[in-house]
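Open the model in your viewer and keep the selection panel at hand.

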Amino acid sequence: MHAIRRTTARTALAAAIATVMLTAGCGQKIDGDKKTGQVGGKGADIGAAAKSEKQVDYWSTWGESEPQAKIFKARATAFTKATGIAVNIKYLGRSGNKVLPQAITSGNGPDLFDGGSDHIAADEAQHLTQSVDGVLKLPVPGESGKSVSDVLPANVLKSAQDKDGRLIVVPHTLISTAIWYDAARTPGIAKNKPKTWSDFLALLDREKAAGRTPIAQDGLVNSYNVYWFYWLMMRHGGPGSLVGLSTDAKSWDSPAVLKAAKDVARLAKGGYFQSGYMGTKYPAAQNDWAQGKGALNINGTWLAAETKPQAPADAAPDSFSFPTVPGGHDSVEIGSLGWELSAKAKHPNAAKLFLSYLVQKAVSEQISRTALNIPARQDTPAPVALKSAQAAMVSAKETNTTYDGATANSAWWNNVLLPLDDKLLGGKISPSAFVAEGRKKTADALANG
């Protein structure tokens, strides 16, 4: 699975979490609204609504042996000890995404389930989830005076909202896309990270002239190939410009589309990828990058952890943001992984209370130290390899969601954009033909949709 949910799923670090010591908050105070039974606010004992529900049903799409699953299980144990509310965890693994929709729709699903920002539109379209805005008011157990909204930065909360500004995901991990290098193998990049597209092309030319492969690309993964066009659209057109291509065929006539396509074609014609890159099967290219056989790899923030077993002992993976273009945008991608509340939750108040325990700093620290991911909380430093990405996300003045939210229209994404993009990156189609075909195929898809 080559989507953002991959994170550190295949790392060898699961065994490192033999013991997760998490402190439980006791004697938590929250409000219980006697009229609605909803939990929120401060100042009263644990709400009768949450206590009376007695349990939380949580279905997880993490593997039971993965670090994240162990972290959350330890928190569930602490929650039960502090509140007396049981947490029933069912481990579905990655295939759970196929089971959840039918279970929730039928009323036989969980209260909480693992989700992420890339699933929000699709989950809402299927009526699987509900707003968790009320969780923001809850105090974080053991952290005096802090509510959930106090510990999650504005940019993070924005990434977890739907188009109407309702919070749908309570995030624990941040994800983004960056261009990766190894400071131990390419110290020159570390000293002078390219900031503009022209700087980036100059770097590629230097690497090529030195006889090295500038970019390692797993070309059989179309969702990785499209990173280049996606990011160039974010630079030339800004947030909303890529998803706009899926909703209006005339959007393909925007000058930004042709500019982005020309830049992608330049990469293809420049000889910057390894020989036979479009036929390279994952994870060959990213492993080659980890072993120093390619200077750069465009990938998600999970890359350093995922390639750690293949990397030299002295590897120093780091990344830089996608370069800017003249007169363009400097948006930063912020995606989030977290928990969603089922639209038909049987124990909604207990589930919301459990969420306030899941955002505790002790959990956030384990996301960083053990899962080697970027924690959603700003007050918890990311692993060394992800500090640059974390800083960019927290300080960003302009942000966009993963793939600009364009994956919400899955038919268009899979049947129109990805195949066309593969032809563009593979040098099989000209930029102008790419635009023309994109316009026509989008119009046909919309007419038949």
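What follows is a short tour of a predicted model, one selection at a time.

**Stop 1: the largest nonpolar core.** Select V56, F72 and F354, the residues with the most contacts inside the largest nonpolar core, which has 63 residues.

**Stop 2: around F354.** Which residues does F354 touch, once its neighbours within four places in sequence are set aside? Show V56, Y58, R75, A76, F79, V87 and L112; F354 is in contact with each of these.

**Stop 3: helix α2.** Select residues 67-83, the 17 residues of α2. From first C-alpha to last, α2 reaches 24 Å, close to the 24 Å expected at 1.5 Å a residue. Colour its buried residues: P67, Q68, A69, I71, F72, R75, A76, A78, F79 and T83.

Stop 4: Move to Y224, Y230, F322 and L418, which are among the members of a separate core of 54 residues.

**Stop 5: the largest cavity.** The structure holds 3 cavities of 30 Å³ or more, and the largest has about 70 Å³ of space. To see its lining, select L152, P171, H172, W339, L358, V359, Q360, V363, S364, I367, A376 and R377. Strand β5 (169-175) and helix α14 (361-369) each supply at least two of the lining residues, and α14 provides the largest share, 3 residues. Coloured by class, the lining shows 8 nonpolar, 3 polar and 1 charged residues.

How values were computed: Residues numbered from 1 in each chain as written. Predicted model: local features only at pLDDT ≥ 70, side-chain atom pairs only at ≥ 80, totals over all residues. Heavy atoms only, no water. Core = buried A, V, L, I, M, F, W, Y, C linked by side-chain atoms within 4.5 Å. Buried < 20%, exposed > 50% of the residue type's maximum accessible area, 1.4 Å probe, protein only. Contact = heavy atoms within 4.5 Å. Helix = DSSP H or I, 4+ residues; strand = E, 2+ residues; numbered from the N terminus. Expected span 1.5 Å × (residues − 1). 1 Å grid on protein atoms, 1.4 Å probe; cavity = no way out; pocket = protein on both sides within 12 Å on 5 of 7 lines; lining within 4 Å. Points joined across faces, edges and corners; volume = space filled by probe spheres on them. Nonpolar A, V, L, I, M, F, W, Y, C, P; charged D, E, K, R; others polar.
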